[in-house]
Amino acid sequence: MSIDLPDPIARYFAADRRGSAASLATCFSPDAIVIDEGNTYAGLDAIRQWMTNASTQYTYTVEPFALAHHDDRIVVTSHLAGNFPGSPVDLRYRFIIEGDRIARLEIVA
């Protein structure tokens with residue numbers, strides 16, 4: 001299933017598929033925050049390191065399949081499968097977009 005994602009979110013998932021931490025970081029505003037697995041990553045350097053660690057530690061695919069709007073958030077539900085504990089799993093990616101960048105991302109089960 002293909003869904004029409006807002007541009008910053010589409011760029012995020014494209015960079016994630018390529019495993020490119022540098023490209024992924026360009027999707028975020030300079031003071032962005034990512035919350036994943038109970039950890040908070042603030043700023044582009046921390047976000048770049050988060051992606052580097054994820055892409056070297058695990059091999060995975062992510063396929064967005066649903067999009068919803070909740071208040072100021074865009075929620076994308078995605079199927080994540082790979083060599084990590086609990087795979088496969090459907091995760092919700094809660095984005096806050098400011099301009100053409102991601103200001104906040106929270107990834108939850």
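Mentor: What follows describes the pocket and then turns to the nonpolar core. Please keep in mind that the model is predicted.

The largest pocket has a volume of about 550 Å³. It is lined by 24 residues, and those closest to its centre are Asp-36, Glu-37, Ala-54, Tyr-58 and Leu-80. Several elements contribute to the lining: α1 (7–18), β2 (39–42), α3 (44–57), β5 (89–98) and β6 (101–108) each provide at least two residues. Of these, α3 gives the most, with five residues. Sorted by class, the lining comprises 16 nonpolar, five polar and three charged residues.

In soluble globular proteins, nonpolar side chains tend to be buried together. Here the largest nonpolar core contains 25 residues, and Tyr-12, Phe-13, Phe-28, Trp-50, Tyr-93, Phe-95 and Leu-105 have the most contacts inside it. At least two residues of this core come from each of α1, α2 (21–25), β1 (28–36), α3, β4 (73–82), β5 and β6. The largest share, four residues, is supplied by α1.

Apart from neighbours within four places in sequence, Phe-28 is in contact with Tyr-12, Val-34, Leu-44, Ile-47, Arg-101, Ile-102 and Leu-105.

Finally, consider Ser-20, which is found in the loop between α1 and α2. Ser-20 counts as buried because its relative accessibility is 19%, and buried means under 20%. With neighbours within four places in sequence again set aside, Ser-20 is in contact with Ala-15 and Met-51.

Definitions and conventions. Residues numbered from 1 in each chain as written. Predicted model: local features only at pLDDT ≥ 70, side-chain atom pairs only at ≥ 80, totals over all residues. Heavy atoms only, no water. 1 Å grid on protein atoms, 1.4 Å probe; cavity = no way out; pocket = protein on both sides within 12 Å on 5 of 7 lines; lining within 4 Å. Points joined across faces, edges and corners; volume = space filled by probe spheres on them. Nonpolar A, V, L, I, M, F, W, Y, C, P; charged D, E, K, R; others polar. Core = buried A, V, L, I, M, F, W, Y, C linked by side-chain atoms within 4.5 Å. Buried < 20%, exposed > 50% of the residue type's maximum accessible area, 1.4 Å probe, protein only. Contact = heavy atoms within 4.5 Å.
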